Amino acid sequence: MNELITVYSAEVMRRLRSRSFFLGVIFGVIGIAVVMELPRYFQSYDTQNKRMVLAGAPQLRDAARSLLDKDFVIVAEQDAVRAPTPAELRAKKAAALVALTRDRKGVRVVVYAKDPGEISASRLQRDLVPLNLQLASRLNARQVHSLINVPVRIESVASKFGSAAQADSARAIAYILLLLLYILIMVNSQLIMSSVAEEKTSRIAELLVASVNPKALLTGKVAASATLAIAQMVVWVAVAWALGAQTPAGSQGADSSDSSGFSLSGISSTDVAGFVLFFLIGFLQTSTLFAAVGSLINRTEDLGSLSGPLFLPVVGGFIVAISALAVPDSPAVVVTSFIPLIAPFVMFARIVVATVPLWQIGLSLAINIAAIYAIAIAGGRIYRVGMLLYGRTPRPSQIWHAMRTP
Amino acid sequence: MLSVQHVRKGFGSVQAVSDVSFTIARGATFGLLGPNGAGKTTTMRMIVGIYPVDGGSITWNDRRIDERARRRFGYLPEERGLYGKMRVREQIAYFGRLHGLHDPQVSQKADAWIERLGLGEYVNRPCGELSKGNQQKVQVACAGVHDPELLILDEPFSGLDPVNAEMLFSALTDLKHRGTTLVLSSHQMWQLEQLCDAFCIITQGRNRVSGTLAQLRAAWPTRVVKVEPATAALRGVLERVPHARALEGNGALYYELPAGTDYPPLLRQLVAADAVKRFDAIEPSLQDIYMHTIGQA
């Protein structure tokens, strides 16, 4: 136990002092800030494209203004219906002039835009339908509004969400958490592989395995790496939380479905617990495997070629998990949510967006915890033998032999 | 007492060790000799538990070597390696902790080794910045920091300059006097000859000869005598000894004689033949025994 603690402490200190750890944390923080702030930036850019000058008869403008308000920003109004010069639009910081006229058939709209590609004609059409109906039917605005807006209520029967908006929000959060899970597992597993490869290539491996039980060495390394990955995750989530908390309510426009930026307020404690649990399971499985394979490396240049095949289940798990966000109960998704190395991603995705039967969660946990044990035993044996194998990369038969040697 | 009995180890089609046996008394210093590929490193690795034996047995104080016993061993591998970014004192203390030492004991012992091996000016330098010789001294300190009962050193002198080799030699002599059981392999025969109480020469994974230097010499079939001056009369006496063989020599007569040759009568004959200025009976060196054994193999 003492040697395990010694290896663990030394490994934590080594990693904390390493440039790669700090760069990982800092780049992670920058990445999260970018992911969270980028939509807001695009939102502000989008808002610029919604700045309109409204032109036409005063009655028409009065009726249209309230209808356009929810999607556009009316920056100026004028009676004269004519094409503006670019300078006029620039002076009013408007993207377009919307000219309203009336004829026998109803309202006619001509949009004089700086960039026609940025103007949504369908949105204008949709917004001005009530005005056209009002003019054609001679009903007042309120009557038209009540006729158009048929009340629809969606009641949840089997979903864990009360509304479509809640489900969308959960999917968005799950997507981000899956991405975080993927990055943390990949980055830290590679770091542990590099650390083992460094010990192998620096030839300190023999001194180490003569001084400490290889199992304790491997366990200490994986535990240290898991601790630092969790620390990294805490920093990243704290940054994401802080940035999410800065988002003022309703700052993203009148239509809630249009909201930009990510708010983490929708994460439930079950989601967080699931995230931590499946992170640990996925991390222990993947990092042990990466460490074992790292021990087979003779030159650091071989890291890429040997780690390539190990990425496949992790990348596969991530891709299936993304599909699981849309179809959490499809047979392929359900089956893969039990398979080691893939399940940590897929089952987590299912838990966030669907009501997964408890027996499935339990079975998946049992299979994957058993898999950790099996991988640790096989990985430990490969590691013990691999650390002392120099020269050519061992043949699969040698690896198989190492795994069978108690 | 370390007892290695008929151990075997193979790797696929290669039999690295076929049958090696020796016994080392507690506190003794033992030289394990052999050419490259003879099986020395594999034997050492089996003793420290890196490799399990395929056959035979290894015991320490008449008990199978378990994890606990192994923690009281120290090992300097032939393949040198250190954590390049870890500082010297930190590295030595780390290996002390791995062997069960705690603070403040581990710091005191690390400092003692640093002083003993003249590493004082490098204590806070990352090991990767040290010269090869100094790195090797750090590795020796890592192997010995926990005052092991049994210290196994695979080629400890290779790569060291004469000053550092002398420093290491004196550190090992100090350990020997303190009762540490030492097992060394080296190609520097004169150092082993001075340091070791007993030897085992192995080739192709098998024992060839083993024992103390006196025992190895006793088994040596010939002796060399040096006689001065190199006169024809003295040469004639030596030529008459059965199975005598003249060797190359400068200013003196060198003859290889059978081991059982009785020197007093021979000396009397020489003195009677001419004025003898010098008569030396030269015992075979470890190097001679080694070369002879390897040659036979």
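**Notebook: a helix pair and a chain contact**

I looked up where α9(B) touches α10(B): A233(B), L234(B), G236(B) and V237(B) meet Q269(B), L270(B) and A273(B). Contact here means C-beta atoms, placed from the backbone, within 7 Å. Ala, Val, Leu, Ile, Met, Phe, Trp, Tyr, Cys and Pro count as nonpolar, Asp, Glu, Lys and Arg as charged, and the others, Gly among them, as polar.

I noted that this is a predicted model, where local features need pLDDT of at least 70, side-chain atom pairs count only at pLDDT 80 or more, and totals for chains, interfaces and linings use all residues. Residues are numbered from 1 along each chain as written, with chains lettered from A and ligands numbered from 1 in written order.

I checked confidence next. Chain B has a mean pLDDT of 89, and 99% of its residues reach 70 or more. pLDDT is the predictor's confidence in each residue, from 0 to 100. The model scores ipTM 0.79 and pTM 0.73.

Then I looked up the packing geometry. Helix α9 (residues 232-239) and helix α10 (residues 263-273), both of chain B, pack at about 150°, with axes 9 Å apart. So α9(B) is roughly antiparallel to α10(B) (angles over 145 degrees count as such).

Last, I turned to chain A. The contact takes 19 residues from chain B and 16 from chain A. On the chain B side, α3 (88-98) and α5 (132-144) each give two or more residues. The largest share, four residues, comes from α3(B). I recorded that side as 10 nonpolar, five polar and four charged.

Key
Axes are lines fitted to C-alpha atoms, for helices over the stretch in contact, and angles run from 0 to 180 degrees between N-to-C directions. Angles under 35 degrees count as roughly parallel, over 145 as roughly antiparallel, 65 to 115 as roughly perpendicular and the rest as oblique. Two residues are in contact if their C-beta atoms, placed from the backbone, lie within 7 Å.
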